[in-house]
Protein chains: 6
Amino acid sequence: MQLQTASWPEVEAYLKTSKGIVIPIGSFEQHGPNGLVGTDAICPEVIAREAGEAAGFLVGPTFNVGVAQHHLGFAGSMTLRPSTMIAAINDWIDSLVRHGFRRIYFINGHGGNIATIAAAFAESYAAWSMDGDACPYKLRQMNWWELPGVMDVCKSIFPVGDGSHATASEVAVTYYAYPHAVKDVAMSPKIAPQGSFTDAADYRRNFPDGRIGSDPSQATPEKGAAIVAAAREALARDAEAFFKS
Amino acid sequence: MQLQTASWPEVEAYLKTSKGIVIPIGSFEQHGPNGLVGTDAICPEVIAREAGEAAGFLVGPTFNVGVAQHHLGFAGSMTLRPSTMIAAINDWIDSLVRHGFRRIYFINGHGGNIATIAAAFAESYAAWSMDGDACPYKLRQMNWWELPGVMDVCKSIFPVGDGSHATASEVAVTYYAYPHAVKDVAMSPKIAPQGSFTDAADYRRNFPDGRIGSDPSQATPEKGAAIVAAAREALARDAEAFFKS
Amino acid sequence: MQLQTASWPEVEAYLKTSKGIVIPIGSFEQHGPNGLVGTDAICPEVIAREAGEAAGFLVGPTFNVGVAQHHLGFAGSMTLRPSTMIAAINDWIDSLVRHGFRRIYFINGHGGNIATIAAAFAESYAAWSMDGDACPYKLRQMNWWELPGVMDVCKSIFPVGDGSHATASEVAVTYYAYPHAVKDVAMSPKIAPQGSFTDAADYRRNFPDGRIGSDPSQATPEKGAAIVAAAREALARDAEAFFKS
Amino acid sequence: MQLQTASWPEVEAYLKTSKGIVIPIGSFEQHGPNGLVGTDAICPEVIAREAGEAAGFLVGPTFNVGVAQHHLGFAGSMTLRPSTMIAAINDWIDSLVRHGFRRIYFINGHGGNIATIAAAFAESYAAWSMDGDACPYKLRQMNWWELPGVMDVCKSIFPVGDGSHATASEVAVTYYAYPHAVKDVAMSPKIAPQGSFTDAADYRRNFPDGRIGSDPSQATPEKGAAIVAAAREALARDAEAFFKS
Amino acid sequence: MQLQTASWPEVEAYLKTSKGIVIPIGSFEQHGPNGLVGTDAICPEVIAREAGEAAGFLVGPTFNVGVAQHHLGFAGSMTLRPSTMIAAINDWIDSLVRHGFRRIYFINGHGGNIATIAAAFAESYAAWSMDGDACPYKLRQMNWWELPGVMDVCKSIFPVGDGSHATASEVAVTYYAYPHAVKDVAMSPKIAPQGSFTDAADYRRNFPDGRIGSDPSQATPEKGAAIVAAAREALARDAEAFFKS
Amino acid sequence: MQLQTASWPEVEAYLKTSKGIVIPIGSFEQHGPNGLVGTDAICPEVIAREAGEAAGFLVGPTFNVGVAQHHLGFAGSMTLRPSTMIAAINDWIDSLVRHGFRRIYFINGHGGNIATIAAAFAESYAAWSMDGDACPYKLRQMNWWELPGVMDVCKSIFPVGDGSHATASEVAVTYYAYPHAVKDVAMSPKIAPQGSFTDAADYRRNFPDGRIGSDPSQATPEKGAAIVAAAREALARDAEAFFKS
C-alpha cells in the first residue's frame, strides 16, 4: 500500500495490523552524463513500492531532496542544509508517530544523506531522553545497496566500473523504473576517477563529469530489474524484522 | 522535461533556452472517505508534468508534504511546521538560483500551504531587500484550481457538491492519475458540511469524515481528465507568461 | 480597556468576564509622499482602541513592525523576517494563553503581514495538533479595511484613487489620529500606477514614490473620522462574535 | 521627529543631517497594584519623544514586549523568549542600517531586557567580526533611570520606597504620560519586600503583589513630570554625544 | 570531585548528598602580548577545581568557548554567536536537570559572556514560566573576580595596571595554573589604554596589542597562587550558600 | 603548541608556518562502572596534545560535550541536541577560518558524534556551494581508534573484551592521563552484552551498567600509555598529510 493512493480509513485500518511504515529518502543531484537527477529518490522509491506491494507494508511519500551541497556545481542539483533536513525529518516523524506509527524505516538512496538522517534520529530521540520518558517508537535507516545480498548482485552484474557515484547499478535501477529515460552517452574516460571531495567547487574540479569511479554506460533496464528484484526481497525481510523488533 | 529523469547536461542545455522551472507543491493529508492522502501533491504534479510536456518547460521535484496540521486528526496526514517549510522552500530556491534559474513557479495543490509559501517568498526576498542588492529572480505561486478557466470547468462538471476540501474535482484528478486507486465509498451525508476550523481536534469535531462541503463520490477518471486538460493548458500559458515577465 | 494602562489586578478581573483580547498588528513602512511611516500600525491601533472603549474589550500592545521587506527601498521602512515574526507572534500568543485568554484577535493594518500571521497561527496550532491534545484557544486575524461595511465607506468617500498602498483611506485614518502630522504634498502623477512587486528594488522601480494606485492627497482628518467610526462599530461586533464563538 | 508620523521623504531628508535614531525598548508586564502593565514601554517612549522633540533627533517605534518571563505569574504580563528577541532586534537593526543609520540608541525601560539587548548587539557585531569587515555602525543601550542625574532626581523625590520593581519613579512617569490612568490603591505592606527571583512561580511566591522594594502609592503625575524633565535633558545630551562618537 | 574523572555510579552517589554542580565557563580569546588565549577558561576552571576539592562539590566540564566576537581581530580568538551559546547552555542545563541537579552554578571567566549567560538563564526559565509550572531548579552565574574579597586581593597585589582586559590578575592565575607557559614580554605602553569597543575591527583599532588598561607583565605564578587561594575560599562559600538556597 | 597556553602573537607566528589546527572533540557521558564520564573528551585531548607536542602543530580547545542523548539514563551524562552541535561547530570553524586556518582536523572520541560532525561539515560547505564560491578550507574528522594501526594495538593488548562502549582501550587511555582516577570495580557480567539502542531508556534497559561488549576492568595506565603512543604517532602523520593536502 502506498500512502499517496490510500484513503485515511485505509490507513486507519492498516494501523490495526501494523505500526510500521517505510519512507524512501533520496536526493535530487547530478548523476553523471547519462544518469538522472532524480536517481537517488527514484531508486529507494521503486524498491520500496515493489517491496511494499509484495509484503503488504505501507510506503510513505518520498523525501526527495536531501543533502547534496557537493553536487551544486552541476546544473539541476538541489540541496537542503543539514539543519533544515533535521527539522523536516523530525516533522515527518512527529506526524507519523501522532497516528500510532511506532517503527519508521527510511530506505535511503544517497550516501550524502546518511549522517544527517542519523543526526535527525538523535534529535528525535533526544527530546525523549532529555525529558526522561521512554521513547515509544524506533527509527531505522538503511541504504538500499547495503540491504543483505544486494551488493553481491550489483558486483556480479557490474564486476568492473560499478563505482561510487553515478554507479552503474543505480543508473540501471532508474532505467528499469523509467525506460523512456535511458540515455546513450559515451563515457570519457571509460571509468571515472576515484577520490574525495569537500564542497561543490572541489567536487567539480575532481570529477569533471560528475561520476566517481563508475562506468554507468553499462546500465540497462534489464540489469536494473535484477537489482530491484534482489533489493525488493531484502527490504521486505528487513522491514518486517524491524517492524517486529 | 522532468528534472527527475533529466541528466545534468540536459538541464545545462535547457538553461540556455529558459530560466524558468515549475515546482509542484502539495500536501499529504486526508481527503475524506474516498480521496487519496496524496491528493494535493498528485494534482499539481500531474498537471505540471502534462503542461511541461506540452510546453517544453522543466518540472522540478514535487514538494510533497506541506502545512496540514489541521488534518492530523485523520490517519496518514502529515505536516511540516510552517517555520520548517519556510526553511526548506528557501533551500530549494537557493539551489535553483545557484544554477541560473530566475523564474521559479510553484504550482500549489493545497490551500493550507498558501500563507506559508508566501511567507517563504518574503523570507527569500528579504535577504536581498535588507542587503540592498536587487534580487535577480522572481517567485510565483498559483493554486491549480485558480488557473484561468479551471474553476469554470470544475463547476460545469460538478455543479453541486464540488466543495472546498476533498473536492469532487481534486479527487477526480487523482482518479485520472491513478485509476487503479478509485475507491467506491458511499457518502453520508451526501454533501459534507461547510465551516471553519483551527487545530486538528477542532477540524475533526466539525468534519467527522474529513470532507468540507463536498460530495467526492461524483469523481471519475474521465471527469478528472477533463479538468487536467483545462488546467494543463492554463498552466502552460501562465508559466510561459511568468517566465517572460 | 487598554493593556498598557491597566494594572494586573484589573486584567485579572477582566479575565473573569471575558477571555478575549484584541491585538493591533501593523508595520512601519513608507506610505508615499504624504503618508506616515507608522500608518499600518496606527490604523488598527486607533480603531481597536475606540472599539475597545465602546465595547469594553481589552486591547493589547501593538505589534508594530511586520513584514515589509518590499518597502526597504524607501527610508524609514522596517521589516521582520517572516521566520522572526512567526516566533514573536507565538511568544505573544503563549504569554496571553498563559493567563487564560482563549480568543486572540489580531486586527491587522498591513497586507504584507497576512500570510505570515496565518503561518504563525498554523505554527501555534501545529504544536497541539502534533501532540494530539485539543488546542484550548482560537486565533483570528482581520484586516481593518475588510471589516463588514468599511470598504463601502471608503469607496463612498474616495470613489477615485483610494488605491492599494498608501491608500487615501489609511492616510485619512492616520490624519484623524495625528492631525498635527497632516502633510500637504502634491501627487505626481495624481494617481499612482497599479502593479505587482517582489523585493525592495523591484518595488521602488515600479512605484517611484511608494504609492500603488492611490491619490492620498484626498485624505483629511474628517474623512478619517468617518472611516474610523465605521470600522470601530464593525470591529466591536466582529470581536464580540469571535469571543463568543 | 517621530518615525511613526514622518513620511519617507522626511526620513530621507533627516538622514542627510544625522545618522542617529533612538529606539524606546520596554516590556509589557505587571507593575504592582497601581502600576500600568505598559510601564516599561511607556517610560522610555515618553522620555525619548520629549527628548527627540527638544533635540531634533528621530525616535523610532517602541519595541514594546521584552523579556519578562518572571512576571508571567501576574495577569497581562507578556514575554519574548530571549532568542526571539535577539532575532527581532537584529531585524530592526538591519532595517535601519539599510537606510544609512549608523548610530542606533536603545533607550531601555526594563532591567530584564538588559542582558538580551547586549546579547543581540553581540549577535549583530559578530556577523561583521566573523567576516572580517569593519562594522559600519554602533549600537548603544541605556536604561532611562541610569541617564546622568536621573537617579538623583528620583531619590530626592522618593527618598523612601522608590524600590526596584514597580518603582515609585516609573509609576510616576506613566501617570504623567497617562494622567487618566492614575490608580488609587493602598499598599500592603507599605513598602514591598526586597529579594531575588528566578522564574514566574518563584517571583510570585516572593513578591505576592508584584512590587519589589517599592511604595508606588507615592507616585503622582507632577512627580513624573519632574523625572521626565530630567531624563529628557540627559537623553538629549547622551544621544547627541553618541551620534557624534 | 570533577565530573570528567568521576564514574556514573559516583555521580549517582553524589546526587544523594547534593543537588549542586559548578560549571566553569570561559572564552578562548586573545589576552594581550603575554596572556594565554585560554585565560578565561583556565581561571574559572582552576578556581572551581580547587574549591571543589576543598569543599567536596562536583565540578562539571568547562564551557570553554564563549562570546568573544570583539577579539576576532587577534589570531586564535574564537567565538560563539550569542544565539548558539544560549542553545548550548540550555542543552547543558537540561542534561544536568535530567539527573536531578537543582542548583547549577556557572563560575565565569569572561565579561563578554555575562549578558548571554543571563539571556540563556531567562530562556531556560521562560519555558517553565510560559507553561505555568514552577521551575524546579535554580541557576547562578558569578564572575570569579567578583567573588567576595577577590578584587581586594587583586588590588593589593596589583595596585597599578591590573586593568580590565588581559588583566595582571587573570594572567597571574593562568601562570599559576600553567607555569611552563609564562611569557616574558615587554609591554609598550607599560599600561594599555582604557576605552570601549563594538566589533572586532573597532577593538583592534582601539587596543592594538589587545590589552585594556593593564600591565600584565607584573603577573607571576606566585601572585596567581594568592589570587586563586582567595577565590577558592570565596567560591566554596558562595556555592555552598547557593546549593542550600 | 596548545591554543589554550599560547598568546595571540604566537598564534600569528604559527599561521605563517602552518594553516592547520587539530580540535579534540568528545563527549561527557557514562562509561560504565569504572570509566570516567569525561572519557571521550580526555582520549582525543591527550592524544592530540602529545601528537601536537611531537609534531609541532597547534591543538585547539576540546569540544567537550557532544551528542550523547542515549546515555542520559546514567547520572552525569550530558548531551547537545544535534542541531545545537551543528551551530556550535560552525561557529568554531568560522572563528578559525577568520584567522587564516585552512585545514581543521577534528580528532573525535565518541561514536555518537560522527554523524553530527559530518552534518556540521556539510552545513559549513553548503554555504559556499550554494553561493557558488569555492570554499577555501578543508575539514576532517577522524576517530582516534581508527587512526592507522591503533586498533591493532588495542586488539593485541585486549584480545578479549575490548568492546564497543566503555572499552578497555579508552578507559586505559584515561587511566594513563589521570592515574589518580583509576577505579577498581568488579564487572558483572565480566563482559557486557552487545546490542543496539535508540533513546536513553532503551539504552539503559539493554545495558544496565552502561558498558557494551567490554570488560574495562582490564584497563591500566600502562596499557593506556601504549595505546596513546601508537595513536600519537598515527595522528601526527595523518594530520600532517591533511595539512599538506
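Through which surface do the copies, chain B and chain A, meet? I found that 100% of the interface residues of chain B are also interface residues in chain A, so the copies meet through the same surface.

Before going on, I noted that this is a predicted model, where local features need pLDDT of at least 70, side-chain atom pairs count only at pLDDT 80 or more, and totals for chains, interfaces and linings use all residues. Residues are numbered from 1 along each chain as its sequence is written, chains are lettered from A and ligands numbered from 1 in the order written, and side-chain values use heavy atoms, without hydrogens and water.

**Chains A and B.** I counted contacts (heavy atoms within 4.5 Å): 51 residues of chain B touch 52 residues of chain A. The buried area (accessible area, 1.4 Å probe, lost by two parts on being put together, summed over both) is about 4,200 Å², with 59% from carbon and sulfur atoms. Gln4(B), Trp8(B) and Met78(B) supply 18% of what chain B buries against chain A, more than any other three residues.
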